[in-house]
Amino acid sequence: PHGASTVTYRCGDLVDLCRGPHLPSAAWVKAFAVMKSSSSYWRGSAEKESLQRIYGVSFPSSKELRVHTRKLDEAKARDHRRIGRQQDLFFFEATASPGSCFWTAHGTRIYNKLTELMRAEYRRRGFDEVITPNIYAAGLFKRSGHADNYRDDMYGFKVEGEEWFMKPMNCPGHCVIYGSRPRSYRELPLRLADFGVLHRNELSGTLSGLTRVRRFQQDDAHIFCTEAQLREEVSAALAFVFDIYELFGFEYSLALSTRPKRAVGSEGLWARAETQLVQALDATGKRWKVNKGDGAFYGPKVDITLRDALGRSHQCGTVQLDFQLPLRFDLRYQADTGCPAEAALTPEASPGGEADREGAHPEPLPPGFARPVIVHRAILGSLERMTAVLCEHFAGRWPFWLSPRQCIVVPVSEDAFAYAEYVRGVLRARGLHAEASLGSGTLGKKIREAQVAQWNYILVVGREEEQRLSVSLRQRGSERPLGSRGLAELAEELEEKNRPGALAPQRRLPPFVRRAASSGGHG
């Protein structure tokens, strides 16, 4: 822009107009490789001269270059788009619905298993699943503030002359549910979970496999609680995140993002909230860092960054506090008159005129009422993105409980087809993903094809197995067969194995601990 400054770098005779930095000397480069080349038009115009663009990398040693090349090769082999095609999990059709995924039967098994995992944990941890509309009148998003700040990323259309939007997030709908009737402190914390379909108008140039899509679902939850309950709820949310990530074998790091320059809510309220987040983080016994001023304008947050098998970082989980939506939707609850006055979020505490925007200036609270705080919580993030991360983390070798191809029955000859179908039926009755290889081909070829397709178990059957109601078992990754197993015993064992550790049934009663009467809540 006019009047702005720019940066140039000089190295010998080369003068480069770029942000830099440059090495002070080319002598520092000991290893160099050209990664790819492409053509481009001068200044982006097809009417101008075509130029050749070269992409390369350099390292101070050949060893580091070899390590980098190996990592690139491994990442290419693990690319979720490649594995998705190989294993017939999902695909994209640019002419039909660019940016939206088509899930095949095998991919849908993974998708459903992830939602089943979260639903089972929701029941165990006191969440209530709700269902909210996919389309809303524009007034809802004007009230929430998204129409002002997020309109370009939303799909809008007209209904009987009125403006409507497809929902890009679940929080406004959950606020409608909370505000649908009077609430008491005895109902808090209220934990609402939603797997609703979301749509965001991502630019076509940013779309990338499952990691950036236009249609997706989240393991989205919003916890409505009192300020006094924040620490306990945040601690429980973090423990939930840790349990799920450790189930998948992820390493992860924690960061507290604090009040930015532009924020809603008084400094005192932010300070109290940040203090409770610090206490919750300290209670985990894990290391964490501070991202100063990186919080959302509506509240501080804890970001959880996971690392996959290749050491790459992914931002999926988050725990965010929200002081703004309770104001915008005039959310309230009847406070506990037997306790000291509970802190309320007041519009006067909002700097920069936040509370004066449309829908953000509620009526003053009557005596005996207070406003809840909202905790936005996601663990998997979008199911699409998490599937991509898991696909590359496991390199397509899915753990048994998550695998879309758990057991394949391979008959030694056509004479064993009937027994193979019987075995398949027994396994399916136990809730397992089982198929029978009844096509043409030799036994050896069928076994090799099953191994390439990453079946967890290969069950070979013939006349001898039929007479004994058994199978000859092979396991993925094992060089030798595991031997003969009774069908009934194996089916029971695999049914138990089909539950991840986080879903193991609780066989002992937990200890009973009486809570103080002032803590309130049903959770």
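Helices and strands here are DSSP runs, with helices (H or I) at least four residues long and strands (E) at least two, numbered from the N terminus. By that rule, lysine 167 sits in the loop between strand S10 and helix H6 (171-178). The model is a predicted one, where local features need pLDDT of at least 70, side-chain atom pairs count only at pLDDT 80 or more, and totals for chains, interfaces and linings use all residues. Residues are numbered from 1 along each chain as its sequence is written, and side-chain values use heavy atoms, with hydrogens and water left out.

Lysine 167 is a curious case: this residue is buried but has no salt bridge. Buried means under 20% relative accessible area, exposed means over 50%, and partly exposed is in between (1.4 Å probe, protein chains only). A salt bridge needs a side-chain nitrogen of Lys or Arg within 4 Å of a carboxyl oxygen of Asp or Glu. For charge, Lys and Arg count as positive and Asp and Glu as negative, while His and the chain ends are not counted. The nearest side chain of opposite charge to lysine 167 is aspartate 194, 4.2 Å away. Contact means heavy atoms within 4.5 Å. Leaving aside neighbours within four places in sequence, the contacts of lysine 167 include Tyr136, Phe141, Asp194 and His199.

Three strands form an open sheet in the order S8-S10-S9, with antiparallel pairing. Strands S8 (135-137) and S9 (156-159) are at the edges, each pairing on one side only. Neighbouring strands of this sheet are turned by 40° against each other on average, direction ignored. That angle uses axes that are lines fitted to C-alpha atoms (for helices, over the stretch in contact), and angles run from 0 to 180 degrees between N-to-C directions. Two strands count as paired if DSSP finds at least two bridges between them. S8 and S10 (residues 162-166) run antiparallel and are joined by three bridges. Tyrosine 136 stands opposite phenylalanine 165 in S10.

Glutamate 163 lies in S10 and arginine 151 in the loop between helix H5 (146-149) and S9, so the pair ties together parts that are twelve residues apart in sequence. Glutamate 163 is partly exposed, at 26% relative accessible area, and arginine 151 is partly exposed too, at 34%.

Salt bridges turn up elsewhere as well, and the structure holds 30 of them. Arginine 119 forms one with glutamate 129, with the closest N and O atoms 2.8 Å apart. Here arginine 119 belongs to helix H3 (residues 105-125) and glutamate 129 to strand S7 (residues 128-129), so the pair ties together parts ten residues apart in sequence. In another, glutamate 246 and lysine 286 have their closest N and O atoms 3.9 Å apart. Glutamate 246 is in helix H7 and lysine 286 in the loop between helix H8 (267-284) and strand S16 (288-291), so the pair ties together parts 40 residues apart in sequence. Glu121, Arg124, Arg125 and Asp243 are linked in a network of salt bridges.

A nonpolar core is a set of buried Ala, Val, Leu, Ile, Met, Phe, Trp, Tyr and Cys residues joined through side-chain atoms within 4.5 Å. This core has 59 residues, and those touching the most other members are Ile244, Tyr245, Phe248, Ile304, Met386, Leu390 and Leu402. Not counting residues up to four places away in sequence, phenylalanine 248 touches Leu390, Trp401 and Leu402, among others. A second, separate core of 24 residues includes Phe141, Met169, Ala370 and Ile374.

Strand S18 (residues 313-322) is mostly covered, with eight of its ten residues buried. S18 pairs antiparallel with strand S17 (residues 301-307) over seven bridges, and arginine 307 has serine 313 as its bridge partner in S18. These two strands make a hairpin with five residues between them, and glycine 311 in the turn has a positive phi of about 80°. S18 also pairs antiparallel with strand S21 (residues 373-378), over five bridges, and glutamine 320 stands opposite histidine 376 in S21.

As for the whole protein, 14 helices and 26 strands are present, and 44% of the 523 residues count as buried.
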